[in-house]
Amino acid sequence: KATGGDQVTVSWAVMDALGREIGVIDQSNMVASGALDSNWGPVAAPIARAAVGGILTLIEKHLDVAAGR
């Protein structure tokens, strides 16, 4: 635990339709101390929203490579 909060790291493995990994998005942020000690549903949505841009970029790059662009 860091002072004033907890350091939390979430890694999102993005897979293609065949189950092959096309990339990983890593997030690391401070959350209020104890926020994840029980039900962490209230912080799940903001964590997921913060990852959307990076995930979309991975998908777009994958589609460009697959299309030969």
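The side chain of Q27 makes a polar contact with the side chain of W12, at 2.5 Å. A polar contact here is a pair of N or O atoms within 3.5 Å; within protein, one must be able to donate a hydrogen and the other to accept it, and residues adjacent in sequence count only if both atoms are side-chain atoms. The model is predicted, so local features need pLDDT of at least 70 and side-chain atom pairs count only at pLDDT 80 or more, while totals for chains, interfaces and linings use all residues. Residues are numbered from 1 along each chain as its sequence is written, and side-chain values use heavy atoms, with hydrogens and water left out.

Q27 belongs to strand 2, residues 21-31. Helices (H or I, at least four residues) and strands (E, at least two) are DSSP runs, numbered from the N terminus. Q27 counts as buried because its relative accessible area is 10%; buried means under 20% relative accessible area, exposed over 50%, and partly exposed in between, with a 1.4 Å probe and protein chains only. A polar atom of the Q27 side chain also lies 3.0 Å from the backbone oxygen of I47. Setting aside neighbours within four places in sequence, Q27 is in contact (heavy atoms within 4.5 Å) with V8, T9, V10, W12, I47, A50 and A51. For one of these, A51, the C-alpha atoms of the pair are 7.4 Å apart in space, although 24 residues separate Q27 and A51 in sequence.

A51 leads on to the nonpolar core. The largest such core has five residues in all: V14, I25, A51, I55 and L58. A nonpolar core is a set of buried Ala, Val, Leu, Ile, Met, Phe, Trp, Tyr and Cys residues joined through side-chain atoms within 4.5 Å. Helix 1 gives the largest share of this core, three residues. In soluble globular proteins, nonpolar side chains tend to be buried together. I25 touches V10, S11, W12, G54, I55 and L58, when residues up to four places away in sequence are not counted.

Strand 1 covers residues 6-15 and includes D6. D6 counts as buried because its relative accessibility is 12%. A polar atom of the D6 side chain lies 3.0 Å from the backbone nitrogen of G34. A13 is also placed in strand 1. Leaving out residues up to four places away in sequence, A13 touches E21, G23 and V24. A13 and D26 are 13 residues apart in sequence, and their C-alpha atoms are 8.8 Å apart in space.

Helix 1 spans residues 41-66, and L63 is found in it. L63 counts as partly exposed because its relative accessibility is 49%. Together with V52, L56 and I59, L63 makes a nonpolar surface patch of about 320 Å². Patches are made of residues with over 30% relative accessible area and no salt bridge, where like charges are joined within 9 Å and nonpolar side chains (Val, Leu, Ile, Met, Phe, Trp, Tyr) within 5 Å. Accessible areas come from the Shrake-Rupley method with a 1.4 Å probe, and for residues only the protein chains shown count as cover.

In one, the side chains of D16 and R20 meet at 2.8 Å, N to O. D16 counts as buried because its relative accessibility is 14%. In the other, the side chains of D64 and R69 meet at 3.6 Å, N to O. D64 counts as partly exposed because its relative accessibility is 33%, and R69 counts as exposed because its value is 70%.

Key:
A salt bridge is a side-chain nitrogen of Lys or Arg within 4 Å of a carboxyl oxygen of Asp or Glu.
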